[in-house]
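Here are a few friendly notes to read beside the model.

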Amino acid sequence: MRWLSLRAAIPRCCFPARSIHGGISGIQSHRVKVLDSEMAYWEAGDEAGKPVVFLHGNPTSKYLWRNIIPGVSAVGRCLAPDLIGMGDSGPTSSGNYRFVDHASYLDAWFETMGLREKGHVTVVVHDWGSGLGFYWAHRHQDAVRAIVHMESIVATVKSWDEFPEVARKIFQAMRSPAGEEMILKKNVFVEKILPTSIIRQLSDAEMDNYRHPFAEEGEKRRPTLTWPREIPVETDGPQDVIDIVNSYRSWLTADKVIPKLYIHGNPGFFSAGIKHVTRKWSNQHSVEVPGIHFLQEDSPGLITEAIVSFLKSLE
């Protein structure tokens with residue numbers, strides 16, 4: 001693994017708040033029919049450029065990438081979907097939001113967008129967006145140009161004893177019957193876990209943008225509850241997600257062709273474990289930026305620099 005050096009001063013890399021409802025210069029908002037619902041997505045950059053697909057995780061949306069897409073759009077066609085049931089995307093007809101449900105809708109979105117040209121697509125992934133992105137890339141290797149990942153799901157969790165202690169009890173509670181009260185009623189993932197997983201303090205406008213999709217109590221918050229119940233803990237399941245993660249991990253470990261960029265968070269949340277798992281991945285470069293879990297909120301400038309430099313190196 002080759003480590004690149006970037007200047008890492010937090011004041012330099014923090015951007016002012018922007019509202020998705022007010023629009024962001026250079027970014028266009030779209031909706032497209034996908035299976036039995038609709039998915040919203042942002043697009044920026046040259047439509048003829050090579051696609052760079054940004055995938056968010058829980059409990060965020062495409063808004064997470066708002067300060068990164070404008071810079072990266074200079075070197076590619078940037079696309080950022082909202083996962084089904086999240087952001088501005090529609091719900092599933094079944095009301096289910098398991099990993100496999102998200103993967104089905106995301107697969108259909110990729111197909112609808114025509115993102116299958118050989119060696120064409122770069123996926124930029126975070127949190128559960130990484131699991132989905134790695135899974136898609138594993139099954140569509142011929143279409144993948146490169147992978148950029150941060151705070152990513154690169155392996156299963158052997159047992160709860162391996163999960164970060166500071167969050168272990170709350171994540172176990174969300175997987176219990178208490179999870180409905182915590183999430184569907186109290187919106188704990190958005191109100192508590194999100195802001196405490198960022199070094200700086202989010203503005204009221206930023207928090208409002210993250211609250212917006214889940215403002216209503218009840219089933220509209222279901223995706224943010226289902227995600228922690230999908231964490232692949234080998235002693236606790238779910239087995240299908242464990243199998244998926246093990247499969248794409250084996251592929252990523254063996255792959256020697258696809259260029260990869262790992263963005264390491266300092267102090268990070270999962271970053272130490274990710275660094276250990278990926279230390280022998282071939283053709284991977286790494287940079288370090290300030291941040292806990294939602295690195296995009298603390299270091300958007302540095303992340304933009306790293307991605308642009310990486311993509312230019314592929315030309």
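1. The largest pocket has a volume of about 870 Å³. A pocket here is an open set of points on a 1 Å grid over the protein atoms alone, where a 1.4 Å probe fits, with protein on both sides within 12 Å along at least five of seven lines; lining residues have an atom within 4 Å of a point. The volume is the space filled by probe spheres set on points joined across faces, edges and corners. Of its 39 lining residues, V157, F163, P164, F269 and F270 are the closest to the centre.

2. Please bear in mind that this is a predicted model: local features need pLDDT of at least 70 and side-chain atom pairs 80 or more, while totals for chains, interfaces and linings use all residues. Residues are numbered from 1 along each chain, and side-chain values use heavy atoms, without hydrogens and water.

3. Which elements give two or more residues to the lining of the largest pocket? They are β7 (144–152), α5 (165–174), α7 (188–196), α9 (222–229) and α11 (271–278), and α11 gives the most, with six residues. Helices (H or I, at least four residues) and strands (E, at least two) are DSSP runs, numbered from the N terminus.

4. The second largest pocket holds about 260 Å³ of space. Among the 17 residues lining the second largest pocket, G85, S89, P91, P213 and K220 are the closest to its centre.

5. I24 sits in the loop between α1 (10–13) and β2 (28–34). With a relative accessible area of 9%, I24 is buried (under 20%, with a 1.4 Å probe and protein chains only).

How values were computed: Buried < 20%, exposed > 50% of the residue type's maximum accessible area, 1.4 Å probe, protein only.
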